[in-house]
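My notes follow in the order I looked things up.

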Amino acid sequence: MASEDVKRTSDSAVSTIVNLAEEAKLASEGVKAPTGHALLSIAKSLVAGGVAGGVSRTAVAPLERLKILLQVQNPHSIKYNGTIQGLKYIWRTEGFRGLFKGNGTNCARIVPNSAVKFFSYDEASKGILWFYRQQTGNEDAQLTPLLRLGAGACAGIIAMSATYPMDMVRGRLTVQTDMSPQQYRGIYHALSTVFREEGPRALYRGWLPSVIGVVPYVGLNFAVYESLKDWLIKSRPFGLVQDSELSVTTRLACGAAAGTVGQTVAYPLDVIRRRMQMVGWKDAASVVVGDGKSRASLEYTGMVDAFRKTVRHEGFGALYKGLVPNSVKVVPSIAIAFVTYEVVKDVLGVEMRISD
């Protein structure tokens with residue numbers, strides 16, 4: 001779960017109000033409220049988010065790599081042509097390790113990314129809910145789907161911006177093969193090489209479409225997941241809810257639905273982001289620039305130019321290259337991430353309170 005229910009029972013609602021009243025009293029008397037519990041809750045939430053991100057990405061690493069290869073490969077030198085063929089080609093040419101190439105870097109990026117994202121969503125949700133209750137004067141008000149969308153979008157932008165340079169070099173590490181002219185030896189070597197040869201701005205190539213894509217992708221993920229969960233708990237259809245709790249299977253289904261909606265809407269922006277990240281790569285992998293006479297570097301002046309050239313030279317369908325393996329990947333990935341986050345938080349005993 002991206003965040004615990006703000007009001008799971010009437011008792012928790014009463015305790016929340018009491019906590020707020022006690023801290024307000026302490027503040028009015030000039031006494032600082034205890035922060036130890038809040039800091040412990042924050043640390044546990046960060047750990048839960050990091051574990052959720054690492055587990056979910058590792059589970060679908062082969063499909064993640066294939067998706068990126070399909071997104072950036074030169075249209076005049078096709079090596080990967082579909083999900084099954086692509087996975088077989090990677091296995092044949094690079095072996096088992098090739099299926100997981102870039103996963104270590106991806107986990108190094110996704111663990112802090114997911115930790116910051118989930119924590120930011122928890123905090124943004126509580127802040128927005130507090131403000132919403134103040135504006136409406138209704139202490140029992142709950143987050144609407146639109147407010148959840150806003151909280152999810154804020155969390156996504158903060159997390160993505162904080163870890164974007166790692167994502168940029170992760171894309172390059174993922175597409176390079178043993179035959180690539182230049183080999184990045186790891187995430188640190190890739191970061192330092194890009195910084196030295198292409199400048200610090202190169203580490204943020206593709207940042208704009210990433211920010212724009214965060215709104216529908218992350219925002220809809222959280223909004224759809226939380227709204228589905230609340231609807232199931234309130235309506236209790238088909239006996240899916242027992243004692244106000246959803247089963248793991250039901251939560252997986254909610255996460256899968258959320259992932260499908262978010263990734264479909266935002267996918268073209270993800271393709272453009274990946275292509276912009278390859279711009280300026282000296283001695284780039286052949287999958288990007290092609291082989292022999294078809295060899296040609298990617299050149300885009302910005303996001304709009306990348307959209308225009310992609311559609312002009314490859315057609316509108318190019319904006320959805322890699323969608324099939326991504327669809328297969330994103331559903332279990334996001335579902336596993338949400339459920340892992342909930343399970344780890346339960347194990348750690350994270351208490352989500354408005355006053356935290």
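In which helix is Pro332 found? I looked it up, and Pro332 is in helix α12. A reminder to myself before going on: this is a predicted model.

**Entry 1: around Pro332**

I checked the cover on Pro332 next. Its relative accessible area is 30%, so Pro332 is partly exposed; buried would need a value under 20%. Then I looked across to Val60, which is 272 residues away along the chain. The C-alpha atoms of Pro332 and Val60 are separated by 7.9 Å.

**Entry 2: a nonpolar patch**

I found a nonpolar patch made of Val47, Val51, Val55, Val343, Val347 and Leu348. Together these residues have about 450 Å² of accessible area. Which helices each supply at least two residues of the patch? I get α2 (36-59) and α12 (323-348).

**Entry 3: helix α8**

I compared the span of α8 (residues 207-235) with what its 29 residues should give. At 1.5 Å a residue I expect 42 Å, and the end C-alpha atoms are 41 Å apart, so the two agree. I also noted a kink of about 40 degrees at Val214, shortly before the proline Pro216. Just after α8, Arg236 takes a positive phi of about 50 degrees.

**Entry 4: salt bridges**

How many salt bridges does a search of the whole structure find? I get 21. I began with Glu64 and Lys67, whose closest N and O atoms are 3.7 Å apart. Both belong to helix α3 (residues 61-72), and being three residues apart there, they are separated by about one helical turn.

Asp167 is in helix α6, and the two partners lie 106 residues apart. Arg273 counts as buried at 14% relative accessibility, and Asp167 is buried at 3%.

I then traced how these bridges join up. Arg57, Glu64, Lys67, Asp167, Arg170, Asp270, Arg273, Arg274 and Lys329 are linked in a network of salt bridges.

**Entry 5: aromatic pairs**

I searched the whole structure for aromatic pairs and got eight. In one of them, the rings of Phe96 and Phe100 have centres 5.2 Å apart and planes at 45 degrees, so I wrote the pair down as tilted. Phe96 counts as exposed at 52% relative accessibility, while Phe100 is partly exposed at 28%.

Tyr184 and Trp281 form a stacked pair, 5.7 Å centre to centre with 20 degrees between the planes. The two are 97 residues apart: Tyr184 is in the loop between α6 and α7, and Trp281 is in the loop between α9 and α10. Tyr184 is buried at 5% relative accessible area, and Trp281 is buried at 6%.

Last, I went back to Phe96 and Phe100, which form one aromatic cluster with Trp91.

Notes:
Residues numbered from 1 in each chain as written. Predicted model: local features only at pLDDT ≥ 70, side-chain atom pairs only at ≥ 80, totals over all residues. Heavy atoms only, no water. Phe/Tyr/Trp six-rings, centres within 6.5 Å; stacked < 30°, edge-to-face > 60°. Buried < 20%, exposed > 50% of the residue type's maximum accessible area, 1.4 Å probe, protein only. Helix = DSSP H or I, 4+ residues; strand = E, 2+ residues; numbered from the N terminus. Patch = residues over 30% accessible without salt bridge, like charges linked within 9 Å, V, L, I, M, F, W, Y side chains within 5 Å. Areas by Shrake-Rupley, 256 points an atom, 1.4 Å probe, with all protein chains shown as cover. Salt bridge = Lys/Arg side-chain N within 4 Å of Asp/Glu carboxyl O. Expected span 1.5 Å × (residues − 1). Bend = angle between axes of the 7 residues up to and from the residue.
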